[in-house]
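Here are some exercises to work through with the model open beside you. Try each task before reading its solution.

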Amino acid sequence: MIDLPVAWANYISMGIFIFLGCLVWIVPKKAILAGQSETDRWRDLRIWAMVLIGLQLTIYWIFS
Amino acid sequence: MHPLDLAIIIGYLALITFVGIKLGSKVKNAHDFFLAGRSLTWWVIGLSIIGTNIDTNSYVGASGNAYNVGIAQANFEWIGAIPAMIIASLIFIPLYWRAGVYSIPEYLGLRYNQGVRVVAALIASIFAVFALGVAMWALALTLETYLGWPIWVGILVSGTVVGLYSIAGGLAAVAITDSIQVSIMFLCGIIIVGIGISDAGGFSAFATTLTQDNPTHLQAYLPADDEGFPWPGVILGLGFVLSPAYWIGSQAILQRTLGARTQWDASASMMFAALAKTFIPLLVVFPGILALVMKADIDYPDMALPWVIKNVLPPGISGLMFVAIIAALQSSIDSGVNSTSLMITRDIRHVLMKNHDTANDLKVGRYLTLVLLLSSMCIAPFIGDLGGIFTFLQTILSLFQGPMLALLLLGAMTQRATPMAGLWTLVSGVLVSALLLIVLEWNLLYVAFVSFCYSMVALWTVSGFTEKLSAEKLATLTYRPWSRT
């Protein structure tokens, strides 16, 4: 474990975020908007998650 | 201290007290006191979550660590938080909110049994009393450092201000004052970054100066053989276990989401908090790096932030930054007393006294909030002597993280986990953690990961031989979005 290169950590982190980005879309929109009368597109929290994941991918790419 | 700085500090304390007491008139029962009558909106909760999450360790300690290790310190805000916050937002928070519970131990009690509920509440409450004492001591120390107030005056003033608004207004006052406090923190963070980058001659000059003497300070991870934060340990222990255990299991954090006016507000609040969390390193990591770039003359790393406040910020802004540090501490104390009061009132008192009558919960909750504050004020002056006990309690708490995460994960995501398997896994999982940490002296990050893996296997296996909850109960206590119409 001691010889593992540091660069791997960034690749693994980015991989985790990409995997999470795929998993997010398994959650049905109706579950996110349950009980809501307003169903505007901006209320879809999967899109919020994508913005967050995009930011994280950028961060780990810059600081690699 | 400049008179303008002093005026800003006094104005802030008066504003927070006024807002909190004003909200107190709306509190009619325990539901209002502990869950704000389920009236909170997503952005207030989101800011409040961040306020609760940032404490003195985040500000002073993280800046000091960043001075030593650079941007790697920010992993606590990124890989060590964001994935878990997204999962909490989309899966766990909707589940808790729909179950109508007041606390995470209450959810565990419904999903497993009352033994698990009491153990979870008891451990969290005992730890919270000492954590509150540490926070109160840190607040008094900060006031002594900047204003020259004796420690006992700082404790008295801090306890009185926090007590006035948290006893009167409950969760609503805590959440709204938190959101004001976090807004101040971010304002100060942006100003420090702006002034710091400008003084260093722009971002490129800043980065060049930093990496000349500290080539690894702009790398996100430390080597695998680093003693404190080896990168495999950070990803496996922090990213996969400690962070999810905190973001899906911490009562102080999640209580405000249970007070959301709708399920969507509850979920959106955590997503919004995650967005804010992404930029927290600007507040808590950047000052440490800035002190390094500006070649600060300091004796030890934890002096990095005070040095930046004193030497970089102009009068008025330094007062505001000082307010931000007080705010960070206050928001952790107010959330701690409110959530601990809730767990003792409902999860421990109701179960152990076998009395589920909620008529006296408001009165008991307010008394307990006062008692907790007074306890923390009494403990605070002796916290240096009690440091060993606090470290011991932190260790005990960490033993529960892996097993508790397994219980929440399998309990929420599957219908397989059974009440008896839950209790058995909790007990045996803690023993496994203790063996690895105390006897074999493993790094805490690896202990968390291995005890979590053990608990997942144990819970899954033992559940195959023990009795399940009824299908009707499981339907409301497990995440099954595809089966709902």
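**Exercise 1. A salt bridge and its partners**

Which residue forms a salt bridge with R349(B), and how far apart are the closest N and O atoms?

Before the solution, some ground rules: this is a predicted model, where local features need pLDDT of at least 70, side-chain atom pairs count only at pLDDT 80 or more, and totals for chains, interfaces and linings use all residues. Residues are numbered from 1 along each chain as its sequence is written, chains are lettered from A and ligands numbered from 1 in the order in which they are written, and side-chain values use heavy atoms, with hydrogens and water left out.

*Solution.* 
- Step one: apply the rule, which asks for a side-chain nitrogen of Lys or Arg within 4 Å of a carboxyl oxygen of Asp or Glu. The partner of R349(B) is D361(B), with the closest N and O atoms 2.9 Å apart.
- R349(B) sits in helix α16 of chain B and D361(B) in helix α17 of chain B, so the pair ties together parts that are 12 residues apart in sequence. Helices here are DSSP runs of H or I with at least four residues, strands are runs of E with at least two, and both are numbered from the N terminus.
- Step three: check the cover. R349(B) and D361(B) are both buried, where buried means under 20% relative accessible area, exposed over 50%, and partly exposed in between (1.4 Å probe, protein chains only).
- Step four: look for more partners. Salt bridges that share partners link E106(B), R346(B), R349(B) and D361(B) into one network.

**Exercise 2. The other arginine of α16**

Take R346(B) and D361(B): what is the N to O distance in their salt bridge?

*Solution.* 
- Step one: the side chains meet at 3.8 Å, N to O.
- Step two: R346(B) belongs to helix α16 of chain B and D361(B) to helix α17 (residues 361-379), so this pair ties together parts 15 residues apart in sequence.
- Step three: R346(B) and D361(B) are both buried.
- Step four: compare with another pair. R261(B) and D265(B) form a salt bridge too, at 3.4 Å between the closest N and O atoms. R261(B) is partly exposed at 48% relative accessibility, while D265(B) is buried at 3%.
- Step five: for the overall tally, the whole structure has 10 salt bridges over all chains.

**Exercise 3. A covered helix**

How many residues of helix α14 (residues 286-293) of chain B are buried?

*Solution.* 
- Step one: 8 of its 8 residues are buried; among them are F286(B), I289(B) and V293(B).
- Step two: after α14(B) comes K295(B), which has a positive phi near 50 degrees.

**Exercise 4. Between the chains**

*Solution.* 
- Step one: 35 residues of chain A contact 40 residues of chain B.
- Step two: the buried area is about 3,200 Å², with carbon and sulfur atoms giving 78%. That is the accessible area (1.4 Å probe) that two parts lose on being put together, summed over both.
- Step three: on the chain A side, L45(A), L52(A) and F63(A) lose the most area to chain B, together 19% of what that side buries.
- Step five: the complex gets an ipTM of 0.95 and a pTM of 0.89 from the predictor.

Key. Contact means heavy atoms within 4.5 Å.
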